[in-house]
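Please keep the sequence and the model in view while reading.

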Amino acid sequence: MNKPTGSEIRVASPLKAWASRFALLLLVGAAFGLMLIGRTNSFIVEETRTAVTDMVTPILDAVSQPVETFSGVIDQAEALANLRSENLALKEQNTRLLEWQAVARRLEAENAALRSLNRMVPDPAMSYVTARVVGDPGGAFVRTVLINAGERNGVEKGQAAITADGLAGRIAEVGKRSARVLLLTDINSRVPVVVGDARDRGVLAGDNTNAPELLYLGPTAKVQVGDRVTTSGHGGVFPPGLPIGVVAGVGEKGIRVKPFVDWAHMEVLRIVDYEMTGILDFEAQVGAARAAAAAGNAQ
Amino acid sequence: MRQEEGVWHRLDVVARSISPFFVTLLLVLFALLPLHIADLSPIVPALALIGVFFWSVHRPDLMPIWAVFLIGLVQDVLTGGVIGPGIIGLLVAHALVVWQHRFFLAASFAVIWFAFMLVAAAALAVTWLLTSIAMMTLLDPGPVFFQYLVTLAFYPCLAWAFLRGQRLFQR
């Protein structure tokens with residue numbers, strides 16, 4: 001095709017200019033319309049989003065594998081350089097962990113005995129789906145990743161996504177063969193947690209930075225740097241006791257938590273199927289509670 | 001000219017005329033790939049913006065406004081944020097280029113890069129503002145600014161690749 005010359009891209013006729021201005025206004029208006037629909041009727045937006053994500057995921061899945069291999073080669077070279085010092089550190093860690101293993105075994109036995117004494121309700125069983133991270137939109141506004149497992153693999157909305165280090169996020173949208181994980185650090189993420197040995201309850205709220213903030217701690221809570229933060233299990237979405245991170249800073253910017261998850265090397269996520277009713281049945285639960293309250297008032 | 005040649009010629013023309021649209025869509029997908037590089041993810045360059053700007057400047061006939069809208073829509077749907085602000089950002093960039101198209105006719109590469117600096121600033125600022133409004137919180141402008149700088153740095157590399165591709169096509 002010929003490249004248009006200067007004379008070809010001449011000033012368009014007034015009618016044409018008017019039409020192009022109209023098209024701009026129309027499309028900007030349409031974009032605003034989409035923004036409004038997204039706020040008022042998130043169901044349609046979510047359906048569209050999962051449909052498009054489902055289409056794209058196989059492509060991403062195929063392309064991301066060589067990328068992963070390449071970054072794997074770099075990592076291996078780095079690991080090779082640190083082999084000796086890492087080996088020493090691991091040996092030391094191994095002896096320490098063996099001691100802990102003995103402690104854990106003893107506690108497990110004791111725990112089981114006490115549970116049976118008290119007839120405690122057993123925790124629901126957990127099963128896992130393991131999926132590869134195939135998409136990471138990045139950017140300044142969201143902290144989410146796409147995984148190559150969806151409805152047909154048993155992934156459901158609200159389930160916890162974990163790595164070997166700890167909690168990474170929760171499933172926010174599910175398609176047929178893909179799902180979107182809302183990371184702990186996303187501005188929309190809220191996770192009920194307990195902090196430290198005192199097990200003070202709070203909520204871990206993301207704000208798109210690498211260190212989410214601890215909110216709604218009780219007035220008596222004493223939080224120190226280095227305290228462990230784990231999921232509390234409140235709300236029934238996440239199993240209790242999943243490690244999240246440690247308190248990294250207590251100061252003017254609020255109480256900040258450094259997650260255990262290594263975001264740069266998050267290649268595989270395990271999706272925890274914790275068989276319990278969570279936010280999925282939230283509306284049903286609220287409905288039941290209201291009905292119960294109404295019945296109570298009527299009496 | 002024989003009939004067969006006519007068909008191939010027409011197919012060729014169609015392929016060339018939709019390639020900017022598809023290349024920019026591919027850039028949207030490419031930006032989604034997990035690169036596993038520490039701390040890069042928050043400041044991944046706005047590749048779609050580069051594509052839209054480049055073709056709005058060099059081949060406005062092949063980057064019509066509806067194509068810009070579709071690219072923005074796909075990008076916003078796939079990134080998982082609010083749908084809309086990204087589209088409007090790209091539309092703003094396109095409109096600014098079209099509005100000043102006479103300026104770009106004789107401009108050198110450095111001048112176009114400088115213009116991209118201004119246009120990208122406007123587009124990302126609009127996106128940031130609208131996302132903040134939609135989420136009803138003031139989002140930290142820091143990451144957006146870094147994303148802006150990275151996008152500026154990426155522009156020459158991509159523009160060079162696009163120009164090479166265009167020349168290859170025109171042979």
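Predicted model: local features only at pLDDT ≥ 70, side-chain atom pairs only at ≥ 80, totals over all residues.

With which side chain does the side chain of B:Ser56 make a polar contact? The partner is the side chain of B:His94, at 3.0 Å.

B:Ser56 belongs to helix α2 of chain B, which covers residues 47-58. Its relative accessibility is 3%, and B:Ser56 therefore counts as buried, the limit being under 20%.

When neighbours within four places in sequence are left aside, B:Ser56 is in contact with B:Met63, B:His94 and B:Val97.

## The loop residue B:Ala46

B:Ala46 is located in the loop between α1 (3-30) and α2 of chain B. This residue is also buried, because its relative accessible area is 12% and the limit is under 20%.

Not counting residues up to four places away in sequence, B:Ala46 touches B:Gln147 and B:Thr151. The C-alpha atoms of B:Ala46 and B:Leu27 are 9.2 Å apart in space, while the two residues are 19 apart in sequence.

## The contact between the chains

How many residues does each chain bring to the contact? Chain A provides 52 residues and chain B provides 53. Together the two chains bury about 4,400 Å², and 72% of this area is on carbon and sulfur atoms. Between chain A and chain B there are zero salt bridges, but seven residue pairs are in polar contact, with both residues at pLDDT 80 or more.

On the side of chain A that touches chain B, the elements giving two or more residues are α1 (14-40), α2 (42-81), β1 (126-135) and β2 (144-147) of chain A. Of these, α2(A) gives the most, with 12 residues. By type, the residues on this side of chain A comprise 30 nonpolar, 13 polar and nine charged.

## Two positive phi angles in chain A

Most residues other than glycine have a negative phi. A:Asn208, although not a glycine, has a positive phi of about 70 degrees. A:Asn208 is found in the loop between β7 (200-205) and β8 (213-215) of chain A, and its relative accessible area of 8% means that A:Asn208 is buried.

A:Tyr216 likewise is not a glycine and has a positive phi, near 55 degrees. Its place is the loop between β8 and β9 (228-231) of chain A. Is A:Tyr216 buried or exposed? A:Tyr216 is exposed, because its relative accessible area is 63% and the limit for exposed is over 50%.

Methods
Residues numbered from 1 in each chain as written. Chains lettered and ligands numbered in written order. Heavy atoms only, no water. Contact = heavy atoms within 4.5 Å. Buried area = accessible area lost by both parts, 1.4 Å probe. Salt bridge = Lys/Arg side-chain N within 4 Å of Asp/Glu carboxyl O. Polar contact = N/O pair within 3.5 Å; in protein donor to acceptor, adjacent residues only side chain to side chain. Helix = DSSP H or I, 4+ residues; strand = E, 2+ residues; numbered from the N terminus. Nonpolar A, V, L, I, M, F, W, Y, C, P; charged D, E, K, R; others polar. Buried < 20%, exposed > 50% of the residue type's maximum accessible area, 1.4 Å probe, protein only.
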